[in-house]
Amino acid sequence: VTVEGSAINHAQFALPENAGVLVIQPPNQFNAFHKILFDFNRIRFGYVVAEPDRNGFRVSSERLLKTLDLVERSLETV
């Protein structure tokens, strides 16, 4: 799990095939460029869009965990 940004570049090279990545996207921007690279490396890609907050953005733990469950279930079908 990571927040959208340059850290995703490291994950795409460090993760093994059939791994999964969940990206927390800020509410004011969307970037799914890395999905193409993860697909190429057989790494599942999921995202959850955060909600605006006075300190930037936030994601409820419930939404994050539900989305993480979806990513995990998708790995079971690999």
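Two strands are said to pair if DSSP finds at least two bridges between them. Strands (E, at least two residues) and helices (H or I, at least four) are DSSP runs, numbered from the N terminus.

Good morning. The model before you is predicted, so local features need pLDDT of at least 70 and side-chain atom pairs count only at pLDDT 80 or more, while totals for chains, interfaces and linings use all residues. Residues are numbered from 1 along each chain as its sequence is written, and side-chain values use heavy atoms, with hydrogens and water left out.

Let us begin with the sheet. Three strands form an open sheet in the order β1-β2-β3, and their pairing is parallel. Because β1 (2-3) and β3 (44-49) stand at the edges with a single partner strand each, one side of each has no neighbour in the sheet. How many bridges join β2 to β3? There are six, and the two strands run parallel; within this pairing, V21 has F45 of β3 as its bridge partner.

Next, the helices. Two packed helices are described by the angle between their axes and the distance between the axes. Axes are lines fitted to C-alpha atoms, for helices over the stretch in contact, and angles run from 0 to 180 degrees between N-to-C directions. Helix α1 (residues 7-14) packs against helix α2 (residues 33-40) at about 10 degrees, the axes being 10 Å apart. The two are therefore roughly parallel (angles under 35 degrees). Their contact (heavy atoms within 4.5 Å) involves I8, N9, A11 and Q12 of α1 with H34, L37 and F38 of α2.

Finally, the aromatic rings. Searching the whole structure gives two aromatic pairs (ring centres of Phe, Tyr or Trp, its six-membered ring, within 6.5 Å). In one of them, F30 and Y47 have ring centres 4.9 Å apart and planes at 70 degrees, so the pair is edge-to-face (over 60 degrees). F30 lies in the loop between β2 and α2 and Y47 in strand β3, 17 residues apart.

Key:
Angles under 35 degrees count as roughly parallel, over 145 as roughly antiparallel, 65 to 115 as roughly perpendicular and the rest as oblique. Rings of Phe, Tyr and Trp (its six-membered ring) pair if their centres lie within 6.5 Å; planes under 30 degrees apart count as stacked, over 60 as edge-to-face and the rest as tilted.
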